[in-house]
Amino acid sequence: QVQLVESGGGLVQPGGSLRLSCAASGSIFSINAMGWYRQAPGKQRELVAGITSGGSTNYADSVKGRFTISRDNAKNTVYLQMNSLKPEDTAVYYCNAEGTVVAALADFGSWGQGTQVTVSS
């Protein structure tokens with residue numbers, strides 16, 4: 001079983017910055033893709049940014065140029081640097097990871113518990 005623990009959310013003024021972190025733990029053999037999703041009240045969960053084990057990234061159009069995703073493979077940790085935050089970025093942000101566990105080299109897909117990001121003056 002793989003657990004994801006997020007940190008770094010909070011309240012920030014428009015134009016401000018936050019950095020989210022997500023650490024994966026458990027019987028991990030390898031992690032392929034890691035990503036950040038968000039869900040605002042009354043809306044569906046959406047992909048914010050993703051990154052592969054090789055470092056390839058993709059972003060939602062709404063965050064391109066403002067958010068940067070990165071990962072530390074040695075620490076099984078993914079980060080999301082969020083700059084120039086806007087009120088519409090307000091949401092619960094969830095970390096996701098997909099890979100393989102040691103036991104029988106089975107595939108896994110896990111979600112974090114979510115961290116609240118509120119952008120408001």
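Mentor: One term to start with: buried means under 20% relative accessible area, exposed over 50%, and partly exposed in between, with a 1.4 Å probe and protein chains only.
Trainee: Okay. Is Tyr37 buried or partly exposed?
Mentor: Tyr37 is at 23% relative accessibility, so it counts as partly exposed. Remember that this is a predicted model: local features need pLDDT of at least 70, side-chain atom pairs count only at pLDDT 80 or more, and totals for chains, interfaces and linings use all residues. Residues are numbered from 1 along each chain as its sequence is written, and side-chain values use heavy atoms, with hydrogens and water left out.
Trainee: Where is Tyr37 found?
Mentor: In strand 4. Strands here are DSSP runs of E, at least two residues long, and helices are runs of H or I, at least four; both are numbered from the N terminus.
Trainee: What does Tyr37 touch?
Mentor: Contact means heavy atoms within 4.5 Å. Leaving out residues up to four places away in sequence, Tyr37 touches Arg45, Glu46, Leu47, Val48, Val92, Tyr93, Tyr94, Asn96 and Trp111. Take Asn96: it is 59 residues from Tyr37 along the chain, yet their C-alpha atoms are separated by 7.5 Å.
Trainee: And Ser21, buried or exposed?
Mentor: Buried, at 19% relative accessibility. Ser21 sits in strand 3. Its contacts, not counting residues up to four places away in sequence, are Val5, Glu6, Ser7, Trp36, Val78 and Tyr79.
Trainee: How far is Ser21 from Val63?
Mentor: Their C-alpha atoms are separated by 17 Å, and the two residues are 42 apart along the chain.
Trainee: Let's zoom out. How many helices and strands are there?
Mentor: The chain has 0 helices and 11 strands. Its radius of gyration is 14 Å, close to the 14 Å that the globule rule gives for 121 residues, so the chain is as compact as a globular protein of that length. That radius is taken over C-alpha atoms, and the rule is 2.2 Å times the number of residues to the power 0.38.
Trainee: What does the C-alpha trace span?
Mentor: About 50 × 25 × 20 Å along its principal axes.
Trainee: How much of the chain counts as buried?
Mentor: 41% of the 121 residues. As for contacts between residues at least 6 apart in sequence, 55% join residues at least 24 apart.
Trainee: Now the core. Which residues touch the most other members?
Mentor: Trp36, Val48, Phe67, Val78, Leu80, Met82 and Tyr93, in the largest nonpolar core, which has 31 residues. Strand 9 gives the most to this core, with 5 residues. A nonpolar core is a set of buried Ala, Val, Leu, Ile, Met, Phe, Trp, Tyr and Cys residues joined through side-chain atoms within 4.5 Å.
Trainee: Why would such residues group together?
Mentor: In soluble globular proteins, nonpolar side chains tend to be buried together.
Trainee: What about Ala104, buried or exposed?
Mentor: Exposed, with a relative accessible area of 78%. Ala104 also has a positive phi, about 60°, and is not a glycine. Look for it in the loop between strand 9 and strand 10 (107–111).
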